[in-house]
Amino acid sequence: MPTTPPPDFAAALAAGPLVLDGGMSNQLATAGHDLSDELWSARLLADEPEAVAAAHRAYFEAGADVAITASYQASFEGFARRGVGRAQAARLLASSVELAREAARTGPGGRRRWVAASVGPYGAVLADGSEYRGRYGLGVGELVAFHRPRLEVLAAARPDVLALETVPDTDEARALLELVGELGVPAWLSYSVEGDRTRAGQPLAEAFALAAEVPEVLAVGVNCCTPQDADRAVAVAAEVTGKPVVVYPNSGERWDAAGRDWRGEPTFRSARVGGWLAAGARLVGGCCRVGPDGIAALAAEVAVRRGASDGTEV
């Protein structure tokens with residue numbers, strides 16, 4: 001009897017909301033791993049890959065449908081500063097997808113899970129908080145040249161989707177959108193924002209509009225921002241692009257770059273997911289300081305709403 005082939009990521013997204021994982025760095029830190037290196041969580045791709053796989057499994061066990069790989073801070077330039085050659089750096093980038101894929105295959109319940117290859121902004125490689133400012137002094141062409149090699153490697157590793165995430169300004173968005181158009185691979189574009197603007201100060205409507213006519217971009221939205229800013233951004237992204245929205249804010253605490261510590265109180269609440277879904281979100285999760293417990297609560301909220309939409313008792 002012929003079997004039905006598994007749906008691709010776009011089809012799964014169209015069928016209903018998917019739950020993203022939470023912060024990779026906080027989960028690794030909770031497990032006792034030192035992330036003070038400039039490579040941040042990407043260091044463990046070389047030194048302790050099983051720790052990365054364990055972090056993915058923790059989020060799948062919490063109810064996540066999608067794992068975002070540990071490649072956010074990974075780049076040829078960053079690995080070179082650690083004495084890692086290009087061939088080995090390429091293998092480490094590809095391994096980030098393989099580790100997430102293996103965790104997806106061995107997760108509980110036997111259900112279909114997905115892998116999003118993280119493509120962090122240029123500022124993440126500088127390891128000085130520049131991804132929260134943008135405006136690096138580089139043109140679009142220079143940013144294309146920086147991102148192209150790792151995008152090619154990550155795309156060749158065959159993730160389900162590329163996560164173009166924590167993008168602070170429209171110049172970098174233009175560079176990334178040019179590349180995904182050339183590669184023909186599915187992606188989501190997610191800005192880091194403050195209020196109603198990108199971190200670099202551009203209006204969100206203008207920033208989201210860049211992706212509206214790019215067929216490779218399956219979803220547009222925000223991450224690594226406060227939950228309050230995420231609340232405001234979802235409706236704008238949906239209205240401007242007509243695409244599904246991706247939203248995964250931080251806990252609500254703020255990173256103190258000078259003190260290298262988180263300050264304030266968390267404001268991330270799973271109850272927010274109802275508003276996000278009503279406004280057009282289809283990929284929902286958490287970023288920094290949102291751990292498996294937060295994702296479990298969010299996944300439970302999504303399950304309730306899935307059941308209500310299809311008439312299933314929950």
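Predicted model: local features only at pLDDT ≥ 70, side-chain atom pairs only at ≥ 80, totals over all residues.
## Arginines with positive phi

Arg135 is not a glycine, yet its phi is positive, near 50°. The residue sits in the loop that runs between α7 (122–126) and α8 (140–156). Its relative accessibility is 45%, so Arg135 counts as partly exposed, since that class lies between the limits of 20% and 50%.

Arg289 also has a positive phi, of about 75°, and is likewise not a glycine. The loop that holds Arg289 lies between β12 (281–284) and α13 (292–310). With a relative accessible area of 41%, Arg289 is partly exposed.

## Crossing of α8 and α9

Helix α9 spans residues 170–183, and its axis comes within 9 Å of the axis of α8. The two axes cross at roughly 45°. An angle under 35 degrees would count as roughly parallel, and one from 65 to 115 as roughly perpendicular; α8 and α9 are therefore oblique to each other. The crossing of α8 past α9 is right-handed.

## Residues in the contact

On the α8 side, the contact is made by Val140, Leu143, Val144, His147, Arg148, Leu151, Glu152 and Ala155. From α9 come Asp171, Glu172, Arg174, Ala175, Leu176, Glu178, Leu179, Glu182 and Leu183.

By type, the residues of the contact between α8 and α9 comprise nine nonpolar, one polar and seven charged. Leu143 of α8 and Leu176 of α9 are among the residues in contact, and leucine counts as nonpolar.

Terms used. Residues numbered from 1 in each chain as written. Heavy atoms only, no water. Helix = DSSP H or I, 4+ residues; strand = E, 2+ residues; numbered from the N terminus. Buried < 20%, exposed > 50% of the residue type's maximum accessible area, 1.4 Å probe, protein only. Axes fitted to C-alpha atoms, helices over the stretch in contact; angles between N-to-C directions. Parallel < 35°, antiparallel > 145°, perpendicular 65-115°, else oblique. Left-handed = near helix turned anticlockwise from the far one by under 90°. Contact = heavy atoms within 4.5 Å.
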